[in-house]
Amino acid sequence: MNHSLNYLPLAALADRISENDFLTQIAGTPLWDDAQVRITSDWQPPGEGQLAIASRHEYALSWLFQELKTQTFFTELLDSEYFYRYLVKALWRHQFNCLQDCNSDEISDGDRHYWEQELNLDSPTLSDSLRANSPSRVIAGTVHEEDTPTGLLQAVLVAADRLFLTEFVDLFVYGSLMRGEINHYLLENAEYIADDAIADADLFNLGPYPMFVPGMGTLYGECYHIPLQIIPNLDRLEDHPHFYQRLWMLCLSGQTRLVYQGFASHIKGCPQIVSGSWRDRH
């Protein structure tokens, strides 16, 4: 997996998965039931003998999805349904590959061809027919003891890393990250969208950089289309969530953008920039 996992911190999750007592550690994990896309319904073993194996898969996947939700910023920055669908599809793609490997005669050539077409698309789309006929190993009655949860979990982590490297969000900046300012180099690989503004915001001059807090004025800045992999650098620059907090806010253009907002406790004694534009600080 990519080195970006060191930030997310998916590397730590991968390490926990590889520990010998992993299943013992997560034995008390509540089943994952808060997502709009369910994966647990896919694990209906055809016989009682496979119930324990399927149950271990179910609890392991529930644990991992909860960890991805609480230990990374994915559900803060991406639509939750999109995020879960993408990972579920990655999970099914892994299961389909296992089905192909086992060469079960119980899987029709038509189903194999259909699943291959649907699952090789690197997108979160799950058609109704695919959801109704998902490529679970239990369809063929091939859940085996050697099919530990590790492979499924690693497939999901790899998909999460791919999202980190390929997904984009829109960012509103109003200070040192704007064009011509000292930290704009952090956005050199980002696409400029347009100038924009945020209502009910007051801007203050903290010396080297500005900070805005909720208020009565209008804040002016620039918008960029940025890859998620830039977010860690921006979080470090802004000392999120301690000095600035990363929020979604509605701009006057009608678009919702990511923005770093300050805290009222940090602007005490600092002069306000009444115009709302950092370029008017001098």
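Trp248 has Leu258 as its bridge partner in strand E5. This pairing belongs to a predicted model. A second bridge pair links Arg246 with Tyr260 in E5.

**Strand E5 and Arg257**

How many of the seven residues of E5 are buried? Six are, so the strand is largely enclosed by the rest of the structure. Arg257 is found in this strand. Its relative accessibility is 5%, and because buried means under 20%, Arg257 counts as buried.

The side chain of Arg257 makes polar contacts with two aspartates. One joins it to Asp170 at 3.3 Å. Another joins it to Asp196 at 3.4 Å. Leaving out residues up to four places away in sequence, Arg257 also touches Leu171, Phe172, Ile193, Cys223, Leu247, Trp248, Met249 and Cys251. Asp170 and Asp196 are on that contact list too.

**The nonpolar core**

In soluble globular proteins, nonpolar side chains tend to be buried together. Here the largest nonpolar core has 70 residues. Those with the most contacts inside it are Leu64, Leu68, Leu87, Leu187, Ile226, Ile231 and Leu234. Helix H5 (residues 80–102) supplies the largest share of this core, with nine residues.

Glu81 is placed in helix H5. At 26% relative accessibility, Glu81 counts as partly exposed. The side chains of Glu81 and Arg85 are joined by a polar contact of 2.9 Å. Glu81 and Pro124 are 43 residues apart in sequence, while their C-alpha atoms are 9.1 Å apart in space.

Which residues of helix H1 (residues 10–18) are buried? They include Leu10, Leu13, Ala14 and Ile17. Seen down the axis of H1, its buried residues fall within an arc of 100°, so they line one face of the helix.

**Backbone details**

The loop between helix H9 (231–238) and E4 holds Pro241. A cis peptide bond joins His240 and Pro241, with omega about 5°. Asp239 is found in the loop between H9 and E4 as well. Asp239 is not a glycine, yet its phi is positive, about 50°. At 37% relative accessibility, Asp239 counts as partly exposed.

Asp200 also has a positive phi, near 55°, and is a residue other than glycine. Its place is in strand E2 (residues 191–205). Asp200 counts as exposed, at 54% relative accessibility.

| Residue | Relative accessibility | Class |
|---|---|---|
| Arg257 | 5% | buried |
| Glu81 | 26% | partly exposed |
| Asp239 | 37% | partly exposed |
| Asp200 | 54% | exposed |

**The chain as a whole**

The chain has nine helices and six strands. Of its 282 residues, 49% are buried. The chain exposes about 13500 Å², and carbon and sulfur atoms supply 49% of that area. What share of the contacts with a separation of 6 or more comes from residues 24 or more positions apart? They account for 72% of those contacts.

Conventions:
Residues numbered from 1 in each chain as written. Predicted model: local features only at pLDDT ≥ 70, side-chain atom pairs only at ≥ 80, totals over all residues. Heavy atoms only, no water. Helix = DSSP H or I, 4+ residues; strand = E, 2+ residues; numbered from the N terminus. Buried < 20%, exposed > 50% of the residue type's maximum accessible area, 1.4 Å probe, protein only. Contact = heavy atoms within 4.5 Å. Areas by Shrake-Rupley, 256 points an atom, 1.4 Å probe, with all protein chains shown as cover. Core = buried A, V, L, I, M, F, W, Y, C linked by side-chain atoms within 4.5 Å. Pairing = 2+ DSSP bridges. Polar contact = N/O pair within 3.5 Å; in protein donor to acceptor, adjacent residues only side chain to side chain. Arc of directions from axis to C-beta.
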